[in-house]
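I set out to record what I looked up in this structure, entry by entry. The entries go from the whole chain to single residues.

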Amino acid sequence: MYEFSHRRSARYPESMATIKTQTILIKNDKNISSEGTLRFTIYDHQERVKRAIIALAGFWLLALISVPVVVLHFVLVPAFLFMGPYFAYKRYHAVSVPIEVIGHCPTCDEELTIQVETSDRLPMWSYCSARHDPIQLVEIAGT
Ligand SMILES: [Zn+2]
């Protein structure tokens, strides 16, 4: 059920992350389903450490930049200082990050590409891009 392709991720061109695909089901509200493909990125340990450090450095840089902002710095500086380790922790534990779902809408049969957010997990509801039909993205049992 899994296809492996060892190429550089488009979202993080400097990384050695692996793009994987998984066959999933695209269901509509009348329980008609079609097959779709979920593309996601797998990060190895080294890559996750790198992503975590980038997140930490980014937020702490924002904290530093916020120091001269009068009055608001009382909120911004501590907020960014805390967000650094928080997002670094989340990124370190993000082994598999979804990118998009490609398939056909079971209602109108139009081709669809659904961008998936980092925090999204299946099953989830979305809309087909062509006619905004409600669709549910579901993992196939046993994969
Ligand atoms: Zn549709």
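The notes below begin with the model and its confidence, then take up the helices, the core, the strands and the loops.

**Entry 1. Model and numbering**

I noted that this is a predicted model, in which local features need pLDDT of at least 70, side-chain atom pairs count only at pLDDT 80 or more, and totals for chains, interfaces and linings use all residues. Residues are numbered from 1 along each chain as its sequence is written.

I looked up the confidence next; pLDDT is the predictor's confidence in each residue, from 0 to 100. The mean pLDDT of the protein is 88, and 88% of its residues reach 70 or more. Over residues 1-6 the pLDDT falls below 50, and this stretch has 9 contacts in the model beyond near neighbours in sequence. I counted two residues as in contact if their C-beta atoms, placed from the backbone, lie within 7 Å. Where pLDDT is low, the predicted coordinates should not be read in detail.

**Entry 2. Overall layout**

I took helices (H or I, at least four residues) and strands (E, at least two) as DSSP runs, numbered from the N terminus. The protein has 2 helices and 7 strands, and along the sequence they follow the pattern β-β-β-α-α-β-β-β-β.

I called a residue buried if 20 or more other C-beta atoms lie within 10 Å of its own, exposed if 12 or fewer, and partly exposed in between, with C-beta atoms placed from the backbone. Of the 143 residues in the protein, 19% are buried. I also looked at contacts between residues at least 6 apart in sequence: 48% of them join residues at least 24 apart.

Helix 1 covers residues 45-66, which is 22 residues, and reaches 32 Å from its first C-alpha to its last, close to the 32 Å expected at 1.5 Å a residue. The expected span is 1.5 Å times one less than the number of residues.

Which residues of helix 1 are buried? I found Arg51, Ala52, Ala55 and Phe59. Seen down the axis of helix 1, these buried residues fall within an arc of 100°, so they line one face of the helix; the arc is that of the directions from the helix axis to the C-beta atoms. An α-helix has 3.6 residues a turn, so residues three or four places apart point the same way. On the other side of helix 1, Gln46, Ala57, Leu61 and Leu64 are exposed.

I then checked what the buried residues of helix 1 pack against, and found helix 2. Helix 2 has 21 residues and reaches 30 Å from its first C-alpha to its last, close to the 30 Å expected at 1.5 Å a residue. Its buried residues are Gly84, Ala88 and Arg91, and what covers them includes helix 1.

I looked up Met83 as well, which lies in helix 2 (residues 73-93). Met83 is partly exposed because 17 other C-beta atoms lie within 10 Å. The C-alpha atoms of Met83 and Gly58 are separated by 9.8 Å, and the two residues are 25 apart along the chain.

**Entry 3. The nonpolar core**

I defined a nonpolar core as a set of buried Ala, Val, Leu, Ile, Met, Phe, Trp, Tyr and Cys residues joined through C-beta atoms within 7 Å. The largest one has 10 residues: Ile24, Ile26, Leu38, Val101, Cys105, Leu112, Ile114, Cys128, Ile135 and Leu137. Strand 2 (18-28), strand 5 (111-115) and strand 7 (134-139) each supply at least two residues of this core.

**Entry 4. Pairing of strand 7**

I took two strands as paired if DSSP finds at least two bridges between them. Strand 2 and strand 7 run antiparallel and are joined by 5 bridges; Lys27 has Gln136 in strand 7 as its bridge partner. Strand 6 and strand 7 also run antiparallel, with 4 bridges. Tyr127 is bridged to Pro134 in strand 7, and Ser126 to Ile135 in strand 7.

**Entry 5. Loops and backbone angles**

Strand 6 and strand 7 form a hairpin with 6 residues between them. In that turn, His132 has a positive phi of about 60° although it is not a glycine. His132 counts as exposed because it has 12 C-beta neighbours inside 10 Å.

Val71, in the loop between helix 1 and helix 2, has a positive phi of about 65° and is not a glycine either. Val71 counts as exposed, with 7 C-beta neighbours inside 10 Å.

Lastly, I found that the peptide bond from Leu122 to Pro123 is cis, with omega near 0°. Pro123 sits in the loop between strand 5 and strand 6 (124-127).
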